[in-house]
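Welcome, and thanks for opening the viewer. Please keep the selection panel handy as we go from stop to stop.

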Amino acid sequence: MSDPVPAEPIAAPVAEQRPHALTAHGETRQDPWYWLRDENWREVMRDPSVLAPDIRAYLEAENAYADAQLADVADLRQTLFEELKGRLKQDDSSVPAPDGPFAYFMRYLPGAEHPQFCRTPRDGGDTEILLDGDRMAEGHAFFRLGTLRPSPDHTRLAVSCDTKGSELYGIEIIDLATGTTIETGPAGTSGEVVWAADSRHYFYTRLNDDLRPDSAFCHRMGDAVESDRLIYREPDSGYYLGIDNGESRRFLYIVSSASEMSEVRVLPTDLSEMTPRLIAARRDGHDYDVTDQGDRFVIRTNRDDAIDYKLMSAPLDQAGEENWTDLVPAREGRLLRAVRAFSRWLVHLETVNALPRIVVTDTTSGAQHDIAFDEEAYSIGIAGGEYVSDTVRFTYSSPTTPERTFDYDMATRERRLVKSQEIPSGHDPADYVVRRLQATAEDGTQIPLTLLHHRDTPPAPETPVLLYGYGSYGMSMPASFSPHRLSLVNRGFTYVIAHIRGGMEKGYRWYTDGKLENKRNTFTDFVAAGRSLVDMGLAAPGNIAIHGGSAGGMLVGAAANMAPTLWRAVVAEVPFVDCLTTILDESLPLTPPEWTEWGNPVVSKDIHDLMKSYSPYDNVAAMDYPAMLITGGLTDPRVTYWEPAKWAARLRATRTNDSLLLLQINMESGHGGSAGRFDKLHEIARNHAFLLKVFGRT
């Protein structure tokens, strides 16, 4: 029998160039791939089948090319998938959360993509399955659960779900006695649901035509959605609207927020009032949030130049700013990140020099104490607890230590381990080393780095590095555990997190030093992190891969333009790379609320020119680029699919080398990629296989 004839290699797709001019502030940019933005993009978000045929043909050609280029590592991808799957406990469940007469929890069955939502009586009894995610997902190419919220009387369950990936959630109400859907509520919501105290009304937020949440409504069970009562509509397109109800559940909090400003209104959930009450009117630079405790509101605020925030309080019936008094004073360098209010306790999470800690305050005596940890780098989070309780639940992990969940008795100061993340295929923290180092930025600023490597492969110029970063919106990158990284670390990679400016790892000023007119610091910090690894003898130029998603995709795109020879590979997931064109377009869902993050290039030529100077798409140049894997989601409302598609097209047409360049657009998902837990692992395995191929470690 003769050997099979190898298939003809697939040529890289070439996107047609169609003349298109974009003019702002008297300056014209040519964008010959602008046509990849479907004019009917709003409808595509709701129904992907209406995508223009020529755009679909190009995206599918790119997907086919990427599959062909990765065909030689298909076995490796499967091996990686099995490794990733082997670290995932298939019959896993969350720790039951007490709520009234029940304790609620999520659980996965072996092989299930989506969880079940369950409860057990607190006094003992059988488990009830309230919702089966896999059953709800049947018939949908994409499915993601949003809110799962039992009613206060525990007879109903409010469920929101997204079946397109476009973050347009529909709401259903399930009768917990029968398990049947008794009402299909509003569609096109943000997915947030808050019950009123009577268990017959609920609140939700609706998205406008530009896919921004801007309206809060109250729905009464049994009524037509069209008759829902409008509680508040946000008039400013630069703000997002959200709702919550705090630990006590006595109030609905209606929050209008931009990146440096917020405004909170409150409404009693007993419906004794139906006109929300303003806490403090918005003003430039004032960011605050509110919860309640006893006869007072507790406010986390940056007013009075409290750049890293402080806690204040005000009487429930006199909550105006003139009545705010200090609870926990501000201290620059100690970022007060979040607060939870219990009937007797206040618990807040703070960060000092990129490391978090939990502080507990006895509101009867005023005594404070910390919950202490001793690893060099770690992550903690407050998981909450019942309002009338001495117990707070928190989670702890580090790059070497799988997540552990503790119930902490605030009165006795005893912690009880209630769950440890299991790694079925095995994990020994002693096999790995974590280090906290400092990189030196262009201006001399010290940038924290968190390194993870296997003890048998210490970092050296000949060992590969994967450098990860984000650096936007004040989001800090935690030094937490991820079982997915181990597949690379076990193959000799050093994994590094760069805690660059634009996050809040070193306080709020760390954020402001990486936004607006200071945005270039984010990108130069990241490049400096790579160069510092070289200077420390932990890496070599051309032996570093970089990875980022969304705004982190912009980061790695800018870094690829700024220092192309420093990197061997780039993984850019849903990358925000055509930032100038997007932020100039007021009709896009990402745009008006983003002006406080990036600046407004519509009105400011200085901001326009600054964004143009770092926009990855606009700065693609005729030079050699590292290998690239670029991903996107067709129904992504945050970073629209055409940004990564246009970027890949321009790179193909402009670069001077032929390194591996792959574009993969998930035609059935949005910003977060696949929603199923195993489907997601296939995407991670693809990314890892790409890197191992580029580094010759297949």
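A crossing of two helices is called right-handed if the near helix is turned clockwise from the far one by less than a right angle, and left-handed if the turn is anticlockwise. Keep in mind on this tour that the model is predicted.

**First stop: H3 and H13**

Select residues 74-86, helix H3, together with residues 677-694, helix H13. Their crossing is right-handed. The two helices pack at an angle of about 130 degrees, and their axes are 8 Å apart. That angle makes H3 oblique to H13, since an angle counts as roughly perpendicular from 65 to 115 degrees and as roughly antiparallel over 145.

Now show side chains. From H3, the contact takes in Leu76, Arg77, Leu80, Phe81, Leu84 and Lys85. Facing them from H13 are Phe678, Leu681, His682, Ile684, Ala685, Arg686, His688, Ala689 and Leu692.

**Second stop: H2 and H12**

Next, pick helix H2 (residues 53-69) and helix H12 (residues 642-654). Which hand does the crossing of H2 and H12 have? Here H2 passes H12 in a left-handed crossing. The packing angle is about 65 degrees, with the axes 12 Å apart, and the pair is therefore roughly perpendicular.

For the contact itself, select Tyr58, Leu59, Glu62 and Tyr65 on H2, then Ala645, Ala649 and Arg652 on H12. These residues comprise 5 nonpolar and 2 charged, with no polar ones.

Switch to a cartoon view and look for the open sheet of 4 strands, ordered E7-E8-E9-E10 with antiparallel pairing. At its edges are E7 (144-150) and E10 (180-184); each has a single partner strand, so one side of each is left without a neighbour in the sheet. From one strand to the next, the twist averages 30 degrees.

Then zoom in on strand E8 (residues 156-162) and strand E9 (residues 170-175), an antiparallel pair joined by 6 bridges.

**Last stop: the E15-E16 hairpin**

Finally, select strand E15 (residues 240-244) and strand E16 (residues 251-257), which run antiparallel and are joined by 5 bridges. Glycine 242 stands opposite valine 255 in E16. Between the strands of this hairpin lie 6 residues, and glycine 246 takes a positive phi near 65 degrees.

Key: Residues are numbered from 1 along each chain as its sequence is written. This is a predicted model: local features need pLDDT of at least 70, side-chain atom pairs count only at pLDDT 80 or more; totals for chains, interfaces and linings use all residues. Side-chain values use heavy atoms; hydrogens and water are left out. Axes are lines fitted to C-alpha atoms, for helices over the stretch in contact, and angles run from 0 to 180 degrees between N-to-C directions. Angles under 35 degrees count as roughly parallel, over 145 as roughly antiparallel, 65 to 115 as roughly perpendicular and the rest as oblique. Contact means heavy atoms within 4.5 Å. Ala, Val, Leu, Ile, Met, Phe, Trp, Tyr, Cys and Pro count as nonpolar, Asp, Glu, Lys and Arg as charged, and the others, Gly among them, as polar. Two strands pair if DSSP finds at least two bridges between them.
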